[in-house]
Amino acid sequence: MKPTPQQLAWQAAEFGLFCHFGINTFYDKEWSDGTLSPAGFNPARLDARQWVQTAQAAGARYLIFTAKHHDGFCLWQTDTTDYSVRAAPWKDGKGDVVAEVAQACHDLGMPLGLYLSPWDRHEPCYPDAAAYDRFYTRQLTELCTRYGPLFELWFDGAGSEGRVYDWETIMAVVDQHQPNALIFNMGRPTIRWVGNEDGLAADPCYYVVDDTSVSIYTGRKDAAPKSYMPPECDVPIRQHWFWHDDDLHTLKSAEHLLGIYYRSVGLGANLLLNVPPNRDGLLDDADCRRLMEMAGEIKRRFARPMPARLTQRGAVVTIEFDQPVLFDHLVLQEALDDGQHVDGYVVRAGGREIAAGRTIGHKKIHALPAVTARELTLELNTDAARIASVNAYQTGHQRLPELNAPFDHALFESKMMRM
Ligand code: FUL
């Protein structure tokens with residue numbers, strides 16, 4: 001089963017920045033119930049270019065913005081509801097955050113994705129399935145027609161357990177106006193949720209899956225056929241998705257963020273790391289510094305591969321260096337245009353096994369005890385696969401980075417307005 005060119009481009013992007021920003025930001029909430037007044041929404045210094053520039057400096061290659069979260073508050077000039085920026089004091093009700101983010105992304109060459117929560121706790125017609133489907137379709141149409149090309153549409157399943165939406169009609173909007181957009185998780189997904197909010201992919205990481213096993217929100221009851229659907233690992237940089245002034249102690253360490261990178265991108269999945277704009281409408285200094293620490297370390301470790309020649313004969317790949325080299329990391333990549341094939345491999349140096357695994361996919365990172373070798377062999381379980389690259393690095397680290405973030409449950413609960 002083969003990926004589409006859009007899926008390949010998305011996998012090549014590897015790393016995106018997620019920005020949760022909305023009415024919650026101004027009321028210290030994670031989930032609000034649709035009753036918070038728009039009067040509180042007033043980001044004094046909103047600068048979407050700062051978000052995009054930060055993302056780019058950190059090596060992110062797409063940005064996803066929450067146009068509407070579960071509270072129903074719309075961050076654009078929608079004609080579908082008055083619960084939006086139009087009712088806020090910000091820019092005298094004439095501001096449009098989605099437009100500003102889209103403009104910044106366009107100007108700086110950053111692919112943009114939008115999150116539009118199906119679950120809507122404000123909209124009075126939500127209990128009426130047919131009426132809400134029409135309402136939601138109009139919202140999606142606005143987003144798909146007003147802000148240029150979209151890279152990804154994010155359909156969050158939270159709150160929608162048991163609810164069946166009219167995905168056929170909803171997906172027709174995407175087909176008509178944004179046929180190149182990747183579709184996350186619901187409807188007719190082309191990329192899937194990894195299954196946790198810790199940023200961690202499974203090993204092995206398979207791209208061809210049966211969607212009943214990955215997304216319970218498609219609304220389909222029959223056993224779905226298998227399809228090519230690579231995973232996206234979404235995770236917040238602090239423990240919350242929206243910005244709060246009292247959770248700095250939960251900011252993940254650079255080591256932890258690096259650990260996430262190894263266990264997402266390094267296992268062949270995409271990483272979508274959330275860094276939330278604060279009440280000024282800017283990414284917070286502390287978060288930006290941490291992001292740069294992580295990015296700096298990724299760059300330091302992986303910027304300079306040792307020059308090598310790669311030859312593939314059937315299921316055996318030979319990697320020859322110009323001279324014996326010392327290294328502690330190996331990064332393997334499979335060419336995916338013809339689909340994912342590797343499901344078992346061993347790397348040997350001088351006959352000794354130094355790394356092994358199941359899937360390779362877009363990228364597989366191994367940290368290993370330092371080895372000196374002039375030649376390596378990579379044996380695959382199949383000769384149907386093509387290896388795109390094998391790179392060796394000397395980083396000074398021989399182990400996976402540790403995951404060590406604290407989680408403050410009481411604090412988390414204090415920010416939820418559950419039903
Ligand atoms: C979850 C939501 O409930 C969170 O608030 C956040 O948006 C996260 C990305 O997805 O399902």
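**Exercise 1. Where is proline 204 found?**

Proline 204 sits in the loop between E6 and strand E7 (208-210); helices (H or I, at least four residues) and strands (E, at least two) are DSSP runs, numbered from the N terminus. The peptide bond that joins aspartate 203 and proline 204 is cis, with omega about 5°.

Before going on, a word on the model: it is predicted, local features need pLDDT of at least 70, side-chain atom pairs count only at pLDDT 80 or more, and totals for chains, interfaces and linings use all residues. Residues are numbered from 1 along each chain as its sequence is written, and side-chain values use heavy atoms, with hydrogens and water left out.

**Exercise 2. Work out the strand order of the open sheet of 8 strands, and say which strands stand at the edges**.

Step 1. Recall that strands of a sheet pair through backbone hydrogen bonds, either parallel or antiparallel. Two strands pair here if DSSP finds at least two bridges between them.

Step 2. Read off the order: E5-E4-E3-E2-E1-E10-E9-E6, with parallel pairing.

Step 3. Strand E5 (182-184) and strand E6 (192-193) are at the edges; each has a single partner strand, so one side of each is left without a neighbour in the sheet.

Step 4. Now zoom in on one pair. Strand E1 (residues 15-19) and strand E2 (residues 62-68) pair in the parallel sense over 4 bridges. Cysteine 19 stands opposite phenylalanine 65 in E2.

Step 5. Glutamate 14 lies in the loop between helix H1 (5-13) and E1, and has a positive phi of about 65° although it is not a glycine.

**Exercise 3. Describe how helix H2 sits against E1 and E2, and how H2 packs with H3 and H7**.

Step 1. Helix H2 (residues 48-57) lies across E1 and E2, running at about 145° to E2. Axes are lines fitted to C-alpha atoms, for helices over the stretch in contact, and angles run from 0 to 180 degrees between N-to-C directions.

Step 2. Take H3 as a partner. The axes of H2 and helix H3 (residues 97-108) come within 8 Å and cross at roughly 45°. H2 and H3 are therefore oblique to each other; angles under 35 degrees count as roughly parallel, over 145 as roughly antiparallel, 65 to 115 as roughly perpendicular and the rest as oblique.

Step 3. Among the residues that meet are Trp51 and Val52 in H2, and Val101 and Leu108 in H3, where contact means heavy atoms within 4.5 Å. The contact of H2 with H3 divides into 8 nonpolar, 2 polar and 3 charged residues. For these classes, Ala, Val, Leu, Ile, Met, Phe, Trp, Tyr, Cys and Pro count as nonpolar, Asp, Glu, Lys and Arg as charged, and the others, Gly among them, as polar.

Step 4. Turn to H7. H2 and H7 pack at an angle of about 25°, with their axes 9 Å apart, and are therefore roughly parallel to each other. Gln50, Thr54 and Ala57 of H2 make the contact with Cys288, Leu291, Met292 and Ala295 of H7.

**Exercise 4. Characterise the packing of H6 and H7**.

Step 1. Helix H6 (residues 254-263) and helix H7 (residues 285-302) pack at an angle of about 55°, and their axes are 9 Å apart. H6 and H7 are therefore oblique to each other.

Step 2. The residues that meet include Leu257 and Tyr261 in H6, and Met294 and Ile298 in H7. The contact of H6 with H7 has 8 nonpolar, no polar and 4 charged residues.
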